[in-house]
Amino acid sequence: MESARQWIYSLLFFIFTIATLHVLDTLIISTRLTTNYQNIKLKKHPHLPLRFRSDGTFKILQVADMHYGNGMVTRCRDVLESEFNYCTDLNTTHFLRKMIQIEKPDLIVFTGDNIFGTSATDAAESLFEVFAPAIESGIPWAAVLGNHDQESTMNREELMSFISLMDYSVSQTFPSTKVNSDSKEQQPMTNIDGFGNYNLEVWGAPGSYLSNSSILNLYFLDSGDRAIVHGVRTYNWIRESQLSWLRGVSKRFQGQWKYDDQSMDISPLPVMHPALAFFHIPIPEIRQGPIKDIVGTYREYVACSSINSGVLKTFISMGDVKAVFIGHDHTNDFCGNLEGIWFCYGGGFGYHGYGVAGWPRRARVIQGELGKGKEAWMGVGKIRTWKRLDDGVLTKFDEQVLWDIHSLR
Ligand SMILES: *[C@@H]1O[C@H](CO)[C@@H](O)[C@H](O)[C@H]1NC(C)=O
Ligand SMILES: *[C@@H]1O[C@H](CO)[C@@H](O)[C@H](O)[C@H]1NC(C)=O
């Protein structure tokens with residue numbers, strides 16, 4: 001009798017367990033595991049191509065070294081004692097929102113160490129948080145990696161593919177090349193060192209005769225993380241495969257223009273349209289110098305690779321790169337000139353990155369300005385830059401012209 005009763009209880013318990021599992025599965029688990037037509041989320045694309053506004057300007061906000069961790073629970077480094085208790089990654093987020101609001105850039109460029117891997121428990125979560133203000137704004141944004149981004153749960157390739165799939169991102173893991181010379185179809189070029197080498201075109205102002213062509217080229221390069229050379233730890237460097245790709249892209253743009261200029265017979269045009277480059281780790285020449293005409297603060301040793309792979313030489317021979325924007329050394333924020341090419345630091349942006357207490361976090365703005373022809377806008381005439389401080393009123397300072405087509409002759 002007893003055993004029959006026990007058996008019935010066991011059976012009832014078994015049925016109850018199965019029923020509970022079934023309810024859990026249908027109500028909670030399976031809806032999370034399966035996607036249905038409504039749940040598929042497509043990437044939101046910005047309106048492309050990038051182009052100058054009808055007022056003749058194109059503005060880029062450079063954000064260097066956000067060093068984002070886990071958001072609200074990640075404390076600030078190197079702030080005043082009085083600031084420490086109320087300072088987290090959210091201050092970095094707030095600063096970015098304010099910069100976007102005041103400058104209304106046409107493109108936001110993140111030059112690496114966007115997340116500080118060792119403080120980021122889940123790389124994907126941190127990426128969503130760090131880029132949130134850019135995504136909310138709907139402004140196209142581009143990122144490269146620093147030496148710390150991959151220290152969390154994703155490697156460099158995973159990071160770049162994730163970043164390139166985020167809303168309004170114009171970042172790419174690999175450069176695009178044409179499938180063949182007379183095809184419009186593009187494919188990723190994967191036989192290149194690093195992840196996050198790509199270029200973006202900025203087209204002329206609407207209604208101008210340059211409205212359908214790239215007149216400002218933006219190059220993005222992966223400067224890697226760390227390396228060991230002859231048993232000694234150093235930073236990585238930009239490799240020959242990347243430089244060779246760069247030379248090819250630059251040549252293609254310039255070839256296109258020499259031809260167009262002749263055929264259109266418009267005389268005071270520059271044959272060569274300018275380009276800007278963005279990457280994370282400085283090149284050795286910045287340390288070795290002499291770097292000239294410094295505007296801004298040079299307060300720390302330049303942390304670069306012990307290997308000189310000829311980046312400056314390549315830029316000089318290409319001829320189109322007028323200014324290069326880097327990060328990595330948070331307490332340097334200067335622009336200096338090396339053999340006619342400007343190298344500018346963004347200055348540390350993020351509160352979880354090292355800095356100097358009482359020396360506000362900062363950001364750089366870069367503006368291309370078109371030359372004015374008799375009736376319409378011409379090609380790029382000037383490249384200007386300035387910075388702003390996160391000091392409560394976003395003080396603007398160190399404004400300078402990096403390139404002026406009229407001072408070339
Ligand atoms: C960080 O943000 C909090 C809250 O808005 C603010 O009270 C604090 O002053 C900020 N700290 C710094 C260093 O900007
Ligand atoms: C640019 O392209 C558009 C659309 O294809 C065309 O209507 C326009 O005439 C072009 N403008 C110039 C200046 O080539």
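What percentage of the 409 residues of the protein chain count as buried? After that, please look closely at strand S3 (residues 107–111).

Guide: This is a predicted model, in which local features need pLDDT of at least 70 and side-chain atom pairs count only at pLDDT 80 or more, while totals for chains, interfaces and linings use all residues. Residues are numbered from 1 along each chain as its sequence is written, and chains are lettered from A and ligands numbered from 1 in the order in which they are written.

Of the 409 residues, 42% count as buried (20 or more other C-beta atoms, placed from the backbone, within 10 Å of the residue's own; 12 or fewer is exposed, in between partly exposed). The protein chain has eight helices and 18 strands (DSSP runs numbered from the N terminus: H or I of at least four residues, E of at least two). Its C-alpha trace spans about 110 × 55 × 50 Å along the principal axes.

Now to the strand itself. In S3, five of the five residues are buried, so the strand is largely enclosed by the rest of the structure. The cover is on both faces: Leu107, Val109 and Thr111 are buried on one side, and Ile108 and Phe110 on the other.

S3 has pairing partners (pairing needs at least two DSSP bridges between two strands). Strand S2 (residues 57–63) runs parallel to S3 and is joined to it by four bridges, with Leu61 opposite Ile108. Strand S4 (residues 141–144) also pairs with S3 in the parallel sense, again over four bridges. Between S3 and S4 the chain passes through helix H4 (residues 123–137), a right-handed β-α-β crossover (clockwise from the first strand over the helix to the second, with the strands pointing away from the viewer).

In H5, Leu159, Met160 and Ile163 are buried. These three cover an arc of only 95 degrees around the axis, which puts them on the same side of H5 (the arc is that of the directions from the helix axis to the C-beta atoms). H4 and S4 are among what covers the buried residues of H5 (contact here: C-beta atoms, placed from the backbone, within 7 Å).

Elsewhere in the chain, eight strands form an open sheet of mixed pairing, in the order S1-S7-S8-S11-S13-S15-S14-S12. Strands S1 (50–51) and S12 (292–295) are at its edges with a single partner each, so one side of each has no neighbour in the sheet. Strand S8 (residues 214–220) is mostly covered, with seven of its seven residues buried. Six bridges tie S8 to strand S7 (residues 198–203), which runs antiparallel to it, and Leu200 is opposite Leu218 in S8. To strand S11 (residues 275–278), S8 is joined by four bridges in the parallel sense, and Tyr219 faces Ala277 of S11 as its opposite residue. Strands S14 (residues 335–338) and S15 (residues 341–345) run antiparallel, joined by four bridges, and Cys335 has Cys344 in S15 as its bridge partner.

Around ligand 1 are Val79, Glu83, Tyr86, Cys87 and Asn91 (C-beta atom, placed from the backbone, within 6 Å of the molecule).

Notes
Two residues are in contact if their C-beta atoms, placed from the backbone, lie within 7 Å.
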